[in-house]
Amino acid sequence: REAEEHLRQAAEANSVVELSQVLPGLPPRKRTLTDDVFAEGVKKMVSYFRDEPSVEELKKEWQATCPNPQLQKHALQILLNVGFENLRLSSTAAKICGELVACGLASMEDLQEVVTRMVQNFDDIVVDHPKLPSFLQDLTSRVLLTGAEMESLASFVATVMPFKENEA
């Protein structure tokens, strides 16, 4: 819990360093001193949920780690990166995304926005991360189970499906 408080304080401080960070599928952005700490916090959340899949604990950790919408989008990007970079955590990352949307802590629109940016460079990314199509299929199935409105689900699936079909 002390680490969560430190992470929250670091995220609120948000000191800027003049470095560019390029995340797969995202344009360059200014990197902050807290990026590494924040990313580690999100990755730990995935590991904790894999070991003990408690939705209530996930909610608490998400709210402590992501106190504002901007950080939530960044955390979703980190979750997606974990999902297609780490085969052992892929299913867990997809499940977390689905749970966050289902309980209203992440919006379908934010998740779709992050996925859209990621798949824009699909052909380049899949060369380095060949598990991306499998992860997107798992993520799509988890999102379909969220109980979101049909229009949102259809829009999300339309974002992902052309890329899965080309790589299947």
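Visitor: Which residues does Thr146 touch, not counting residues up to four places away in sequence?
Guide: This is a predicted model, where local features need pLDDT of at least 70, side-chain atom pairs count only at pLDDT 80 or more, and totals for chains, interfaces and linings use all residues. Residues are numbered from 1 along each chain as its sequence is written, and side-chain values use heavy atoms, with hydrogens and water left out. A contact means heavy atoms within 4.5 Å. By that rule, Thr146 touches Gly98, Val101, Ala102, Met108 and Leu153.

Visitor: Where is Thr146 placed?
Guide: Helices here are DSSP runs of H or I with at least four residues, and strands are runs of E with at least two, numbered from the N terminus. Thr146 is in the loop between helix H8 (132-144) and helix H9 (150-167).

Visitor: Does that make Thr146 buried or exposed, or what does its accessibility say?
Guide: Buried means under 20% relative accessible area, exposed over 50%, and partly exposed in between (1.4 Å probe, protein chains only). Thr146 has 13% relative accessibility, so the label is buried.

Visitor: How many disulfides does a search of the whole structure find?
Guide: A disulfide is a covalent bond between the sulfur atoms of two cysteines. Here a pair of cysteine sulfur atoms has to be within 2.5 Å to count. Cys66 is buried at 2% relative accessibility, while Cys103 is partly exposed at 29%. The number of disulfides found is 0.

Visitor: Which element has the lowest mean pLDDT?
Guide: pLDDT is the predictor's confidence in each residue, from 0 to 100. The protein's mean is 77, with 75% of its residues at 70 or more. Helix H5 (residues 90-102) has the highest mean among the elements, 94. The lowest, at 30, belongs to strand S1 (residues 16-21).
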